[in-house]
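Here is a short briefing on pockets and strand pairing. Look over the structure, then read on.

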Amino acid sequence: MEVVIAAPEELTGLAADTIEALLRSRPGAVLGLATGSSPLPLYDELVRRHREGGLSFARARAFTLDEYVGLPPEHPQRYRNVIARELTERVDLAPGAVQGPDGLAEDITAACTAYEDAIAGVGGIDLQILGIGTDGHVGFNEPGSSFASRTRIKTLTEQTRADNARFFGGELDQVPQHCLTQGLATIMSARHILLIASGRAKADAVHQLVEGPVSAMWPATILQHHPHVTALVDDAAASRLQLADYYRSTYAAKPAWQGL
Ligand code: GLP
């Protein structure tokens with residue numbers, strides 16, 4: 001796993017450079033989109049490059065990671081609405097080019113299978129953007145998730161519900177208890193994974209992600225088995241990394257042309 005420790009603005013630029021390079025070389029690339037606060041500066045930067053630099057998403061497709069179960073169609077925190085608001089309506093993605101798990105499906109199991117089929121049907125995800133939960137979840141794969149899991153329904157932990165209550169006016173009881181999420185095996189199928197983490201609250205999870213034993217208790221640790229993961233972390237999120245100096249010097253010595 002490559003670890004890049006830098007200021008948030010620099011991390012945003014690196015992530016945007018990577019996505020831009022992908023879209024310029026493969027306009028029909030398949031992106032994996034995450035919600036949460038971590039990718040928001042990246043989405044703003046992609047929108048800026050679209051408006052000012054001609055970056056086009058017109059032939060791209062995208063899949064979101066996860067979704068709450070049961071939020072009404074117009075709810076502002078429904079993840080497909082969040083992604084539409086934060087990215088897809090602000091760039092030139094084609095209508096219907098962005099899909100997400102259907103948290104209002106009557107047959108949840110069938111909806112999850114259909115979602116997996118849709119991802120496989122376009123040849124899989126080229127580049128997956130990821131955040132990480134304070135408990136080490138990716139997507140909504142909470143501790144104890146199977147490393148072999150595919151898209152399915154999960155129950156959120158109290159920790160995650162409390163972390164996400166800020167998006168629901170601080171009201172814990174407004175946060176749904178269930179979600180649909182790509183599984184860990186689904187996420188592992190992406191060809192390149194960019195994980196973004198900032199702030200001290202993520203320091204334990206980032207330490208486990210990079211340096212901990214691979215364990216279902218910290219689901220993100222499965223990414224140690226992926227051949228192409230880039231962890232983009234700010235100083236606060238990197239503060240518990242034992243080999244932080246090594247990661248810094250390794251990245252500093254990397255030729256700029258190499259990319260992530
Ligand atoms: C949320 C999302 C994850 C996200 C994580 C971190 O619950 N389901 O996809 O990566 O938690 O969120 P944030 O970036 O807001 O810290």
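This is a predicted model. Strand 7 (residues 152-155) shows one covered face and one uncovered face.

- Arg 152 and Lys 154 make up the covered face of strand 7.
- Ile 153 and Thr 155 form the uncovered face.
- In a regular strand, side chains alternate between the two faces of the sheet.
- Strand 7 runs antiparallel to strand 8 (residues 178-181), and four bridges join the two.
- Within this pairing, Ile 153 sits opposite Leu 180 of strand 8.

**Largest pocket**
- The largest pocket holds about 420 Å³ of space.
- Its lining counts 24 residues.
- Nearest the centre of this pocket lie Gly 36, Ile 132, Gly 133, His 137 and Lys 202.
- Helix 5 (residues 158-164) gives the largest share of the lining, with three residues.
- By class, the lining of the largest pocket has twelve polar, eight nonpolar and four charged residues.

**Second largest pocket**
- The second largest pocket has a volume of about 320 Å³.
- It is lined by 17 residues.
- Asp 17, Thr 18, Gln 258, Gly 259 and Leu 260 lie nearest its centre.
- Helix 1 (residues 8-25) supplies the largest share of this lining, five residues.
- The lining of the second largest pocket divides into eight nonpolar, five charged and four polar residues.

Definitions and conventions: Residues are numbered from 1 along each chain as its sequence is written. This is a predicted model: local features need pLDDT of at least 70, side-chain atom pairs count only at pLDDT 80 or more; totals for chains, interfaces and linings use all residues. Side-chain values use heavy atoms; hydrogens and water are left out. On a 1 Å grid over the protein atoms alone, a cavity is a set of points where a 1.4 Å probe fits but cannot get out, and a pocket is an open set with protein on both sides within 12 Å along at least five of seven lines; lining residues have an atom within 4 Å of a point. Grid points are joined across faces, edges and corners, and a volume is the space filled by probe spheres set on the points. Ala, Val, Leu, Ile, Met, Phe, Trp, Tyr, Cys and Pro count as nonpolar, Asp, Glu, Lys and Arg as charged, and the others, Gly among them, as polar. Buried means under 20% relative accessible area, exposed over 50%, partly exposed in between (1.4 Å probe, protein chains only). Two strands pair if DSSP finds at least two bridges between them.
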